[in-house]
Amino acid sequence: MNCLVLVLAALVAVVTGETCTGAQVEAVGFTSQDATIVTKIAYIADFTLSCSNGAKDISLYAETVDGIVGVARSVDGVKYQVSWVEDVATASSGERPIKLYDEQGYASLRKAQRGSEDTSSVQAIATINLYHPGAYRGPWVQSETMAILAAIFIYYYALTQKTRLMA
Amino acid sequence: EYSISNHTEEPSCQLTTVLCVVLGGTTGRLHTHSVSCGAALLLSKMLCYLILALAFVGGVFSEGEGEERARLLAAKRVHNLYLVEGRDIVVQYSVHNVGQAAAINVQLTDAGFSTEDFDIAGGQLQVKFDRIAPNANVSHTVVVKPKKYGYFNFTAAEVSYQPSEESAEIQIGYTSEPGEGGIIAFRDYDRKFSPHVFDWMIFALLMIPALLVPFLMWYNIKSKYATVPRSKKGKSD
């Protein structure tokens, strides 16, 4: 059954010419870094795809936190964009790998999911690492708090010295 | 949109004529046998309505090829607590397909953020999705930075798609509108929300002479007389 699917997929690929071999991605990533004014952090990866066999106009699917979604393309079909949002509280800093699949990869992924098989056996054609340095949520300690603490400390020191003198 | 394609007038006219001929005899003219024609008209009208009702019900429940269409619902949301000049505005577009067929060549265009008022920090404002399967949804995010402050009306973005693989017509729809928002000037936001660390440093610098001078005076005297424990010659602050 698997063989049949693969043969069919290969046949489809030959007919439509949509496989991409040797995929190279050039990606520019953006994540929101100021969490004081936004309620959700946006993760955006803009990239262009170049294939060594010169295939163009390829539909891609990406694996993100929302599941397997279709990748948006610019109208001329050259630039792709993967994007999603996460809550400020649950967003963690660090690398986020985004795996890209073409149509055959997507079909075999769906088949693996339906059959509850291991989805990591399907090869992605490329992977993008989106780095999120962490969003600024405000200072750890407010500066007014520090000023009040300093004032209390100085007053306390002066008071103890004075009572020691008077005693 | 489902529309009733058969016309309501013709069948009843034809049916009326037939019934009049049958009931009224050989002439076939409506006015010669008015009573029987009136009854025939009423009967034909009822029959027409019955046929139309059956056709409508049949059309709604049938899963014929002409009825399967994709239907896209699109929402545009701004995920911001405050809209500040020069800072990020996170805009998310989500498109759901609630129809029975896949939507082909879905194009999402947002012309509401003009380049003279906004900088695009990340994402593209005009994208297309090749295919959205039935009961599937996609989401697209753009981050813009406003260049000016003031009231800004967030308008709807446009979505155009082919409702099914066979049809060549383009269906156009619009996303939801977030509405009007006020973009705060940066200096007002900063005055209210920044930590003002620099201002506190200046304050501390100004307070230092007022604190240091008495402290040094007391310290000099204390170090001179520290060996005599019961000395009352301390200068109190």
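Predicted model: local features only at pLDDT ≥ 70, side-chain atom pairs only at ≥ 80, totals over all residues.
**Entry 1: strand pairing in chain B**

I picked out one residue pair: Asp119(B) has Lys145(B) as its bridge partner in S6(B).

Then I turned to strand S2 (residues 89-97) of chain B. S2(B) pairs with S6(B) as well, in the antiparallel sense, over eight bridges. Here I noted Gln92(B), whose bridge partner in S6(B) is Thr141(B).

How enclosed is strand S6 of chain B by the rest of the structure? I checked burial along residues 137-146: seven of the ten residues are buried, so S6(B) is largely enclosed by the rest of the structure.

**Entry 2: the nonpolar cores**

I went looking for buried nonpolar groups next. In soluble globular proteins, nonpolar side chains tend to be buried together. The largest nonpolar core here has 27 residues. Leu72(B), Tyr93(B), Val106(B), Phe113(B) and Ile132(B) have the most contacts inside this core.

Which elements give two or more residues to this core? I wrote down strand S1 (72-78), S2, strand S3 (103-109), strand S5 (126-132), S6, strand S7 (150-154) and strand S8 (158-162), each of chain B. The biggest giver is S2(B), with four residues.

I also listed what Tyr93(B) touches, leaving aside neighbours within four places in sequence. Its contacts include Ala75(B), Leu108(B), Phe113(B), Leu125(B), Val138(B), His140(B) and Val142(B).

There is a second, separate core too, with 24 residues. Among them are Ala62(A), Val88(A), Ile98(A) and Leu130(A).

**Entry 3: where the two chains meet**

I moved on to the interface. The contact takes 36 residues from chain B and 37 residues from chain A. About 3200 Å² is buried between chain B and chain A, and carbon and sulfur atoms give 57% of that area.

I counted the polar side of things as well. There are 16 residue pairs in polar contact across the interface of chain B and chain A, with both residues at pLDDT 80 or more. On the side of chain B that touches chain A, the elements giving two or more residues are S2, S4, S5, S6 and helix H4 (197-225) of chain B. H4(B) has the largest share of that side, six residues.

The salt bridges between chain B and chain A number two. I looked up one of these: the side chains of Arg73(A) and Asp130(B) meet at 2.7 Å, N to O. Arg73(A) is buried, at a relative accessible area of 3%, whereas Asp130(B) is partly exposed at 24%. Arg73(A) lies in strand S5 (residues 72-74) of chain A and Asp130(B) in strand S5 of chain B, so this pair joins two chains.

Is Gln124(B) buried or exposed? Its relative accessibility is 9%, so Gln124(B) counts as buried. Leaving aside neighbours within four places in sequence, Gln124(B) touches residues of chain A including Asp46(A), Arg73(A), Tyr80(A) and Gln81(A). From chain B, Gln124(B) is in contact with His140(B) and Val142(B).

**Entry 4: charged pairs in chain A**

Over all chains the structure holds eleven salt bridges. Asp87(A) forms one with Lys40(A), with the closest N and O atoms 3.3 Å apart. Asp87(A) lies in strand S6 of chain A and Lys40(A) in strand S2 (residues 40-50) of chain A, so the pair ties together parts 47 residues apart in sequence. I found both ends partly exposed: Asp87(A) at 37% and Lys40(A) at 23%.

Next I followed Glu86(A), found in strand S6 (residues 79-87) of chain A. Which residue forms a salt bridge with Glu86(A)? The partner is Arg96(A), with the closest N and O atoms 2.6 Å apart. Arg96(A) sits in strand S7 (residues 94-101) of chain A, ten residues from Glu86(A), and the pair links distant parts of the chain. Both are buried: Glu86(A) has a relative accessible area of 10%, and Arg96(A) comes in at 16%.

I also noted a polar contact of 3.1 Å between the side chains of Glu86(A) and Trp84(A). Not counting residues up to four places away in sequence, Glu86(A) touches Lys40(A), Ile41(A), Tyr43(A), Val65(A), Ala91(A) and Arg96(A).

Notes: Residues numbered from 1 in each chain as written. Chains lettered and ligands numbered in written order. Heavy atoms only, no water. Buried < 20%, exposed > 50% of the residue type's maximum accessible area, 1.4 Å probe, protein only. Pairing = 2+ DSSP bridges. Core = buried A, V, L, I, M, F, W, Y, C linked by side-chain atoms within 4.5 Å. Contact = heavy atoms within 4.5 Å. Buried area = accessible area lost by both parts, 1.4 Å probe. Salt bridge = Lys/Arg side-chain N within 4 Å of Asp/Glu carboxyl O. Polar contact = N/O pair within 3.5 Å; in protein donor to acceptor, adjacent residues only side chain to side chain.
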